[in-house]
Structures are given as C-alpha cells and as structure tokens.
Amino acid sequence: MAAIESKDIRKIVIACDAGMGSSVMLASQVRKQLKGEGVEVVHTPVNSIPGDADVVLCHAGLADRARASAPGVVLIPFQVFIGDPAVTRLVDTIKKGGTVDA
Amino acid sequence: MRETAPLPLDPRAVRLDASAAGRDDAIAQCGRALVEIGAVEPSYVEAMLERERSISTYVGEEVAIPHGTLAAKNVVRHDAICVLRFPGGVDWDGERVTVCVGIAARGDGHVRLLSELAQILMDPDRARALREADEVSEVVRLLHPTEEDQ
C-alpha cells in the first residue's frame, strides 16, 4: 500500500477519461480548498498522469486504469464529484498534517 | 497555457424548457445544441453517449455534465458549453436530472465556467436559481465566472 506524508505532497493530479468535464470541476474545488498550502492541483486524462504526481484522485470506476498509468503512486478513488468524503479527508489531512495512504 | 476565452456559453445554446424521453435522448439533444452552434462535428454526439455509458456524468443537485471522450477531442472545433433544462426531469441511472450542462472542449476555454458551476452546486440557493431561472440571460449570468476566479 502506497503512502505519503502530507508535507511531502506537492502535486495532486485529478484524472478522468477525457480531462474535459468532471475532473476539471473537482480540480477547481480542490485548488480553492488548498489555496496557500503550496500544493499544485492539475487535471489530466487518466492515461497521461504526469510522473511527478504525489497523489492521484480519480473516479472509482477509473481506478484500475489510473493504477496502471501511475503505478506506486497514492491513489484516492472517489464516488461523487462534489463533496466526496474521500476528497474532504485528503484536504483536511494536508491542512492539518498526517499520512495519506490508499 | 493560453489565456482562456471569456465566455464559452453561447445564449443560443441555452434552452429552459426542453423535454427528453430518457438519458440518452437528453444527451443527444445536448450534442445537437453543440453541433448547431458550430462547436463540434455531428460525430461528437455518439462520443458523448459512449462516455456516459462508461461512467455517469451526474454531479449532484439534479445536474449532469455530459461530454465526449478523449478520442473525440479531434471533432471539437472550439470550446463550448450548452445548458439544457428539463423541468419534467430525466431519469439518469436512478438520479433525477433537470439541468444538463453539455461540454465540448479541446483546450481550457471552459475551465472557468465549470469552476463557477462547481461553486453553484455547493450553494443550494444558487443551484436552485440555476434550475428555476426564467430567462436565458439569467442562466448566462449565473454561470459567468466571478471576479474571484479571473
């Protein structure tokens, strides 16, 4: 199981199929919530997750493809695009400090 | 990254009173609205249906955001959004949808508008305003990115 300390998280990648719709919306939310934390938040298609991603967020239905695309990176699947508890937990951990694993 | 266009929402692509036989019909209508404003080639509609079958684009507050697949970016001519409202409701894999925000994007021209939509969905009063606005201009105004995002 991959894990990372919150202070080591510099880049969060939000992945979806086309990088066109849902990931864009979620990225804008997470970016706002993490304003001032020094964490870069980007959205990309699931097949082109950049190598410097520290944490990957993606819809549960894409988790297998994300895992294949970014092996060994902490992957957090979510179910809903707005207000998913897994996303809230990640944001809280980054703000308060702690370990993120998945 | 290129500076984004100010407003990809064309008022001609806003319909307040549409009705659909089901999810796929609603998506096809969104696709046709994007075709009509010259944003996509007709084949984009099939890509939207294909994308929806893989994972639902329902995002909450009776709103879905149908869009194409990665492969279909080739048939997008310019970034655009359409808003179709279905006051009678559409069964979206068990969720009720009354607002469809159809998306066509090859760049990031739609990002600020989607960001605004996300803000609206987290604010129940504004989400209701999006569902109930009586004028096309009001829908356009609601989705117009605020100063904070610019």
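Chain A has an average pLDDT of 90, and 98% of the residues score at least 70. The model is predicted. Confidence in chain A is lowest in helix α1 (residues 22–33), with a mean of 88. Confidence is highest in strand β5 (residues 74–78), at 95. Where pLDDT is low, predicted coordinates should not be read in detail.

**A residue in strand β5**

Strand β5 of chain A holds A:L75. Is A:L75 buried or exposed? A:L75 counts as buried because 23 other C-beta atoms lie within 10 Å, and the cut-off for burial is 20 or more. Leaving aside residues up to four places away in sequence, A:L75 touches A:V56, A:C58, A:A63, A:A66, A:R67 and A:A102. A:D64 is eleven residues from A:L75 in sequence. In space, A:L75 and A:D64 are 10.0 Å apart, C-alpha to C-alpha.

**Chain B as a fold**

Chain B contains five helices and five strands. Their order along the sequence is β-α-α-β-β-β-β-α-α-α. The overall figures for chain B follow.

| Property of chain B | Value |
|---|---|
| Radius of gyration | 14 Å |
| Span of the C-alpha trace along its principal axes | about 40 × 35 × 25 Å |
| Share of the 150 residues that count as buried | 47% |
| Share of contacts with a separation of 6 or more that join residues 24 or more positions apart | 70% |

Why does the radius of gyration of chain B agree with a compact globule? A compact globule with 150 residues would have a radius of gyration near 15 Å, and chain B has 14 Å, so the two agree. In the contact count, residues 24 or more positions apart account for 70% of the contacts in chain B with a separation of 6 or more.

**Where chain B meets chain A**

How many residues of chain B are in contact with chain A? The contact involves 21 residues of chain B and 16 residues of chain A. On the chain B side, α2 (44–54), β2 (58–60) and α3 (111–121) each supply at least two residues. By class, the side of chain B that touches chain A has twelve nonpolar residues, seven polar and two charged.

Key: Residues are numbered from 1 along each chain as its sequence is written. Chains are lettered from A and ligands numbered from 1 in the order in which they are written. This is a predicted model: local features need pLDDT of at least 70, side-chain atom pairs count only at pLDDT 80 or more; totals for chains, interfaces and linings use all residues. pLDDT is the predictor's confidence in each residue, from 0 to 100. Helices (H or I, at least four residues) and strands (E, at least two) are DSSP runs, numbered from the N terminus. Two residues are in contact if their C-beta atoms, placed from the backbone, lie within 7 Å. Ala, Val, Leu, Ile, Met, Phe, Trp, Tyr, Cys and Pro count as nonpolar, Asp, Glu, Lys and Arg as charged, and the others, Gly among them, as polar. The radius of gyration is taken over C-alpha atoms; the globule rule is 2.2 Å times the number of residues to the power 0.38. A residue is buried if 20 or more other C-beta atoms lie within 10 Å of its own, exposed if 12 or fewer, and partly exposed in between; C-beta atoms are placed from the backbone.
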